[in-house]
Amino acid sequence: MTNIILNKLVIIGVGLIGGSFALAVRKAGLVKHIIGLGRSKENLQRAIKLGILDEFTTDYSLALKNADLILLAVPVGQIEKIFSQIAPYLESKTIITDAGSTKQDVIASARVFLPNHFKNFVPAHPIAGAEQSGSNAANTDLFQDKALILTPLDETNTDALECVKNIWQGCGARVSQINAYRHDEILSAVSHLPHLLAATLMNHIVSTSTADSLDDLLHFAGSGFRDFTRIAGSSPEMWRDICLANRELLLKQIDTYQEELARIRRIIENHDEAALVKAFSDARAIRKKWLTNKS
Ligand code: NAD
């Protein structure tokens, strides 16, 4: 199934990820027609002006007729509802995939709500993103050289899997396959916890300040703080859904992180210079390793 060309691609949720996928697939010449569905007419109209979509509709039966591939790029809390809305209109050839940041919950929903099409569902997660939302944030090169994780099941149809893999590779992504539990475990540590920490740091700063002192804090905050604000600036709806969908693994991360925070607190309280240097050196070594792995 190499060099597959999609006659009809359906994007449900034409935001940063859905819009960027549409632009990238179009740029790669892998699609003839792209139709979008979403909550906001204004956002969908803008997507047409931006060349993301050829058309949009609110009618699932019309959208799904003769569809080759459907991408669900909505917050993960919406996916169950959308599976149940699309299920009556799915054709046997239609492949369904998603971009959700959590995978076990999405797969569990697909099992229940897509019983006749579960083998045609290919769970996916692009490890690429930004703090902006909506179709105006879409970027053709968002997935270029970025990781894309597929978490197929034993039941997943191999042609469907190959198709989704080829399309993402056509968008410039580096595709990997792991199981859904491992995906959620990894992402809880390197994505979900860091986002939670950035958000709670902002809230901590507000809750321990008066309006005047907050202005002072923000006035003198430097580039390290800016990096935290960028992470904390992501979509609240998206992050609510991710935290709840990956609740158990995230709670484990929070518990072990609290132990780490208590440990560093003791080190500082005890004026333990050597332990502090070691803590910062270990952290620095991780950054170096991460940069080396990325290059
Ligand atoms: P976004 O807010 O930019 O876009 C989501 C779109 O879905 C919006 O246009 C919204 O109106 C639409 N939508 C919401 N509920 C809907 C419904 N019930 N029916 C139809 N449309 C609906 O969000 P995004 O950043 O593109 O994220 C989309 C998905 O991709 C999420 O599951 C997210 O977890 C995942 N993801 C996001 C990032 C990131 O960094 N933003 C990275 C990787 C994966």
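Begin with the secondary structure of the whole protein, shown as a cartoon: this predicted model contains twelve helices and nine strands. The radius of gyration of the protein is 21 Å, close to the 19 Å that the globule rule gives for 295 residues, so the protein is as compact as a globular protein of that length.

Next, colour the two domains separately. Select residues 9-178 for domain 1 and residues 183-294 for domain 2, as given by the domain assignment of the protein. The centres of these domains, taken over C-alpha atoms, are separated by 31 Å. Where the domains touch, domain 1 contributes 17 residues to the contact and domain 2 contributes 16 residues.

Now consider the interface itself. The size of an interface is often given as the accessible area lost when the parts come together. Between domain 1 and domain 2, about 1300 Å² is buried, and carbon and sulfur atoms give 58% of this area. On the domain 1 side, select Ser101, Thr102 and Glu131: these residues lose the most area to domain 2, and together they account for 35% of what that side buries.

The side chains of Glu131 and Arg230 meet in a salt bridge, with an N to O distance of 3.4 Å. How many salt bridges does the rule find across the interface of domain 1 and domain 2? The rule finds two there. Residue pairs in polar contact between the domains, with both residues at pLDDT 80 or more, number six.

To see which elements supply the domain 1 side, select helix H5 (104-113) and strand S7 (124-127); these are the elements that give two or more residues to the side touching domain 2. By class, that side of domain 1 has five nonpolar, eight polar and four charged residues.

Select Asp141 and Lys27, whose side chains meet in a salt bridge at 3.1 Å, N to O. This pair links distant parts of the chain, 114 residues apart. Asp141 lies in the loop between S7 and strand S8 (147-150), whereas Lys27 belongs to helix H1 (residues 16-27).

Methods. Residues are numbered from 1 along each chain as its sequence is written. This is a predicted model: local features need pLDDT of at least 70, side-chain atom pairs count only at pLDDT 80 or more; totals for chains, interfaces and linings use all residues. Side-chain values use heavy atoms; hydrogens and water are left out. Domain bounds come from an automatic or database domain assignment. Contact means heavy atoms within 4.5 Å. Buried area is the accessible area (1.4 Å probe) that two parts lose on being put together, summed over both. A salt bridge is a side-chain nitrogen of Lys or Arg within 4 Å of a carboxyl oxygen of Asp or Glu. A polar contact is a pair of N or O atoms within 3.5 Å; within protein, one must be able to donate a hydrogen and the other to accept it, and residues adjacent in sequence count only if both atoms are side-chain atoms. Helices (H or I, at least four residues) and strands (E, at least two) are DSSP runs, numbered from the N terminus. Ala, Val, Leu, Ile, Met, Phe, Trp, Tyr, Cys and Pro count as nonpolar, Asp, Glu, Lys and Arg as charged, and the others, Gly among them, as polar. The radius of gyration is taken over C-alpha atoms; the globule rule is 2.2 Å times the number of residues to the power 0.38.
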